[in-house]
Amino acid sequence: MAGPARLVQGAVALVAAGALALAAVPAVAAPSRPGPPPVEVRVASYNIAAGRGADGTFDIERTARAIAELDADVIALQEVDRHWGERSLNLDLATELADALGMRVGFAPIYSNDPPVAGAPRAEYGVAVLSEYPIVDFTNHEITRLSTQSAEPVPAPMPGFAEAVIQAKGARVHVYSTHLDYRADPTVRELQVADTLEILADDGPGASQVLLGDFNAPPEAPELAPLWEHLTDAWDVAGEGDGYTFPAVAPDRRIDYVTVSERIRVVDAFVPAAGLPATGSDHRPVVADLEVPRGAQK
């Protein structure tokens, strides 16, 4: 019969052998849990020419139908009148469109003039953002402009660069609507691009950002080059064809854009080739389907 010391030694040997055998078995990593799926969001940029179609006739109901046909969740608008004058029947186009489409709206005036009659609403013109999702914050930023309301304008900070923070289900996304200078001289656009990038940087790293608008310059224009260091042109990723948006009847240039920050995936991009959206303004809209990561970014 074995003594107690020999039994202890045998038990130790068995434990050691078992440990060696376990060490020889490769470790199996725990299966990784997939993250939550991104939120699918369709966005569009549309210069609505203050409600005038390609035929030059004002018809805000037609404009609303043209926007509805895009089936977009978020639309950035440019050339939006609010009690501006007779050309748009002194209507508040931002509110008219939002009500007709059942969407939320944020309006950012570039110009806000005293009314012609005391007690009447201010005469305003600018950009807007329409959204199916809640707009949890809205800011009218200043960028450099050359005013069309002054006889001798000089470049100066002016409002009219809209930022709508939108809660799209589980994704928070910063949507911007902009209208850059139209003049052939690119100087003011260069300043506006620099201002734009400073404003976008304030959102902090990792923020989901969508910059939409009428840039009044083709993608290869030198003044736009700094944008492409920080944002992706959706058309370059998923567009087919030339993507021309202006003039609406026979477009020959691409000046309207959907651009996105790094974490947003572009699934599709298109410009309506026919139908009401293609003639509801002197511009055609540009539309993109995006996948926005979920999260509570700033």
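1. Ground rules. This is a predicted model, in which local features need pLDDT of at least 70 and side-chain atom pairs count only at pLDDT 80 or more, while totals for chains, interfaces and linings use all residues. Numbering starts from 1 along each chain as its sequence is written, and side-chain values use heavy atoms, with hydrogens and water left out.

2. Largest pocket. A pocket here is an open set of points on a 1 Å grid over the protein atoms alone, where a 1.4 Å probe fits, with protein on both sides within 12 Å along at least five of seven lines; the volume is the space filled by probe spheres set on the points. Its lining counts 21 residues (those with an atom within 4 Å of a point), and Y111, Y125, T148, H179 and Y182 lie nearest the centre. Seven of the lining residues are nonpolar, eight polar and six charged.

3. Second largest pocket. Its volume is about 250 Å³. There are 13 lining residues, with L200, G204, Q209, H230 and S261 closest to the centre. Helix α4 (residues 187-201) contributes the most, three residues; helices are DSSP runs (H or I, at least four residues), strands likewise (E, at least two). The lining splits into six nonpolar, five polar and two charged residues.

4. Helix pair. The axes of α2 (residues 60-70) and α3 (residues 93-101), lines fitted to C-alpha atoms over the stretch in contact, come within 10 Å and cross at roughly 55 degrees. On the α2 side, I60, T63, A64, I67 and A68 make the contact (heavy atoms within 4.5 Å), and on the α3 side L93, E96, L97, A100 and L101. By class, this contact has eight nonpolar residues, one polar and one charged.

5. Backbone details. Which peptide bond is cis? The bond from F246 to P247 is, with omega near -10 degrees, and P247 lies in the loop between α6 (234-238) and β10 (256-260). D71, in the loop between α2 and β2 (74-82), has a positive phi of about 55 degrees although it is not a glycine.

Methods
Ala, Val, Leu, Ile, Met, Phe, Trp, Tyr, Cys and Pro count as nonpolar, Asp, Glu, Lys and Arg as charged, and the others, Gly among them, as polar. Axes are lines fitted to C-alpha atoms, for helices over the stretch in contact, and angles run from 0 to 180 degrees between N-to-C directions.
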